[in-house]
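Visitor: Could you take me in for a close look at one part of this model, and then show me how a whole element around there or elsewhere is packed?

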Amino acid sequence: MNNNTTRLNVNKESKQDDYYKVLGLRSNCRHERIQEKYDELVAQYPQAVYPAEFEKIQRAYEVLNNPEERERYNFYRKHGKSAEKLLKKGFKCVERGEIEQAEELFRGALAIDLNSNVAHLALAQVHLMNDNMELFEAQMQTLHDVSTESDRPFAYVLKAKLLTERDYDEAAIRTLKEGMLKYPASHASFQPPLLDIYIKLQKVSEMLTLIDRETAILQEYTLDHLNLYFIWTTTMVQHEKWELEKKIQKRFRKFLIAMSDRGVEVRQVIEAELIQEYVNYLDVGIVRAAVFILELLETFNPSYSTIDIDKKQLKEWDRIQREMMRMAKDDRTFPPLVMEAFKLFWQETGIGGTVIEYANHLIPMDLVRQLEELDFDYAASIKYMQKKYPVVYRQYKLRWDALFEEKTRGLSREERRSIF
């Protein structure tokens, strides 16, 4: 070999050699050109004389001459050979909606680190975004298998989270239930996501059963459990499951008593949350729920007292409102009379304005005025209220008596007799 021939400098080559440069080729060269160039260089740098150079040439040739290896090498050459970098690029592609590119990057990250939980999860997410449930299931099973024994329950939780994000809610429920059966010792990890799905789907019965079961077996309380009791209470109020009131209050109190010795900061957080709940219920005009929370507040802080409303007064308003709510559901009660009762209650207490606004939105005012002109029905409903709903009648007796007199004034003797 000529002494002027340029030698490949092993010392200056990085550990990640550019195989195309080693062989003196362009990255887009034809496959046949790889063999040609290899033969030229092997002749130029025989192994016996240039062992280091020959080894580099041989390695570059082995990679580039194999179509699959060459494709993989081109990928790493373009994107880098760090699993972390590939993952970051892949997530950016997902954000931009470049799903195919993201899948390629995530596969590349797995080729570098087959045990990367993040890469397995990311690739599973891509399959789900493509609505390919078969590949998604297979990828999540792989994630489960490569996870440590202690992490395997969380593979089910993560799978359910991905399914929920894509609105595969029923599949997510099945996943969590399967995980609970397989890993009963980790059941606490499955409860919050399962509860979230029930809330999302408004599966009230399932939601209440789950919270009931969870609160019944709790041994160690944390501040995070406060939200669980609030959800239980809110569900009871929104869906009028008042038959659960005593059970919920008993369990809620047990939690509050257990948390009362957890330090000043924890106590302040809990008290502030309870006060806010109390105020919220008053703002929307649900007195019974406000009383419920107030009694819990007094359990947690016996020295607490409402500033604006006396508890005795609040309980009296609760009695009135409960009866009004029953009136509202009674088909025999005249709608304008119910509306009048709510208005009177609001004028007296400042509570329930939201209910009135909602009712006004549902019932056109023209219809209300037409109904109010039906004197016989109005008067008959007042008499019915006097017998069936005595608390509301007595509270606003002057107004009802005046209305009755007004509505019966133009009635015939027969009509008046039929009312009495």
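**A side chain, then a helix**

Guide: Start with Thr142, whose side chain reaches the backbone oxygen of Ala138 at 3.0 Å. That's a polar contact: N or O atoms within 3.5 Å, one able to donate a hydrogen and the other to accept it, with sequence neighbours counting only if both atoms are side-chain atoms. Keep in mind that this is a predicted model, where local features need pLDDT of at least 70, side-chain atom pairs need 80 or more, and totals for chains, interfaces and linings use all residues. Residues are numbered from 1 along each chain as its sequence is written, and side-chain values use heavy atoms, leaving out hydrogens and water.

Thr142 sits in helix α8, residues 133-146; helices are DSSP runs of H or I, at least four residues, numbered from the N terminus. With 31% relative accessibility, Thr142 is partly exposed, meaning between buried (under 20%) and exposed (over 50%), using a 1.4 Å probe and protein chains only. His120 is 22 residues away along the chain, yet its C-alpha lies 7.4 Å from that of Thr142.

Now hop over to α15. Its buried residues are Val266, Ile270, Leu274, Glu277, Tyr278, Tyr281 and Leu282. In general, an α-helix has 3.6 residues a turn, so residues three or four places apart point the same way. The face turned away from the buried side of α15 carries the exposed Val264, Glu265, Gln268 and Asp283. Covering the buried residues, by contact (heavy atoms within 4.5 Å), are elements including α13, α14, α16 and α17. Just after α15, Gly285 takes a positive phi of about 85 degrees.

Notes
Helices (H or I, at least four residues) and strands (E, at least two) are DSSP runs, numbered from the N terminus.
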